[in-house]
Amino acid sequence: MIKVGVNGYGTIGKRVADAVALQDDMKLVGIAKMGMDYKTRIAASKGIPVFSAGDAKGFGGSGVSLAGTLEDMVKQCDIVVDCTPEGVGAQNKSLYEKAGCRAIFQGGEPHSLTSLSFNAYSNYASAIGAKFARVVSCNTTGLARTILPLQKDLGIASVRAFIVRRAADPSETRSGPINAIEPEREVPSHHGEDVRTVIPDLDIETAAAKVPTTLMHMHYVTVRFAEEGSDRDAVLEAWGRRNRIIMFSGKEGVTSTAQVMDYARDLGRPRGDLYEIAVWDDMKVEEMELSYFQAVHQEADVVPENIDAIRAMCGVETDADKSIAKTDKSLGIRAKKED
Ligand code: NAD
């Protein structure tokens, strides 16, 4: 059993912790938090050991009995999944290093922190045995999931993508905009470069804007194929060979992220999470060019990637497809057609 700790228990941390607890080859040692909040109360009520990442005073009067400090948790772990806010993970690295504990960081940290960015379909093998890795961000994960199959199976000359970013997660009230569309003035946006950390040498350029929504990100992607001959069926086949992509059709009433998330809630998964990337089949393939829309449930798509990264780094499974299948079965993600 791989002993796993989760440092930071917010949007991503609470989901990763629950997913770890579902794996038959992993044991959740506990979670670390700076202080008490409603999320920690739920964790404690589920019997998850809570460790203090800072001064234990943050838990004073809460009635939650602490299992120890962050350092105590790290000592008991084979690997820690650091889900602290952007920039905090980098500060924690030396603590993990000193304890000889493996660690996974999230997309808010720079690639340079670990020099190994991870996406299960892209580069599982390169993470086998690694001490540190970073699971790429929700947007990068979304782009990599649909681009990689096209690159591997059909061949890509270039990709251009426009990213419509959600302003905040549903539980956040401090981010915005709430009544504006905010272009990312860095052109091209950093997302393309981040995709190249998991799909090297890809000719990709991205731009982005933030809009007042909390449900999902939306991408408009244009792929130029390297050769003639790739039609709609070939595209659907390439995507159909991989898990973690789910097709939707406007004809069935899925015309926005609202219906995608309604569908996800109807699936009955915890928190109504959609781990897969939602792709509309209302796409265009013409003259070597494919254009499509996809939506990313930013709170959830990186969760299975974290689970696969744990398995790869701890060396318990060297076959990417086997790890992906195991993770996906545990989370209720559909299996590949041929399985
Ligand atoms: P969050 O703010 O929801 O959660 C962070 C958690 O860490 C909170 O529980 C907070 O109390 C805790 N925390 C703060 N400082 C801490 C410290 N010093 N030690 C321990 N815990 C601390 O953040 P999030 O959205 O879950 O993001 C976490 C990471 O995941 C970031 O790198 C982010 O960029 C990345 N990410 C976020 C999303 C998303 O859409 N929310 C998607 C993919 C990746």
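In this predicted model, the C-alpha centres of domain 1 and domain 2 are separated by 25 Å. The domain assignment gives domain 1 two segments, 2-136 and 302-338. Domain 2 covers 138-296. The two domains are in contact: domain 1 contributes 33 residues and domain 2 contributes 25 residues.

Both domains also take part in the shell around the ligand. At least three residues of this shell come from domain 1, and at least three come from domain 2. The shell holds 20 residues. Thr 11, Ile 12, Lys 33, Arg 166 and Asp 169 come nearest to the ligand. By type, the shell divides into eight nonpolar, eight polar and four charged residues.

A ligand nitrogen atom is 2.6 Å from an N or O atom in the Asp 169 side chain. The side chain of Lys 33 places an N or O atom 2.7 Å from an oxygen atom of the ligand.

In soluble globular proteins, nonpolar side chains tend to be buried together. Here, the largest nonpolar core contains 71 residues. The members that touch the most others are Ile 147, Leu 150, Val 223, Trp 239, Leu 290, Tyr 292 and Ile 310. This core draws at least three residues from each of domain 1 and domain 2.

Val 223 shows such packing in detail. Leaving aside neighbours within four places in sequence, Val 223 is in contact with Leu 150, Ile 156, Ser 158, Val 159, Met 288, Glu 289, Leu 290 and Tyr 292. A second core is separate and has 15 residues, among them Val 29, Met 73, Leu 95 and Phe 132.

Methods:
Residues numbered from 1 in each chain as written. Predicted model: local features only at pLDDT ≥ 70, side-chain atom pairs only at ≥ 80, totals over all residues. Heavy atoms only, no water. Near = heavy atom within 4 Å. Polar contact = N/O pair within 3.5 Å; in protein donor to acceptor, adjacent residues only side chain to side chain. Nonpolar A, V, L, I, M, F, W, Y, C, P; charged D, E, K, R; others polar. Domains from an automatic or database assignment. Core = buried A, V, L, I, M, F, W, Y, C linked by side-chain atoms within 4.5 Å. Buried < 20%, exposed > 50% of the residue type's maximum accessible area, 1.4 Å probe, protein only. Contact = heavy atoms within 4.5 Å.
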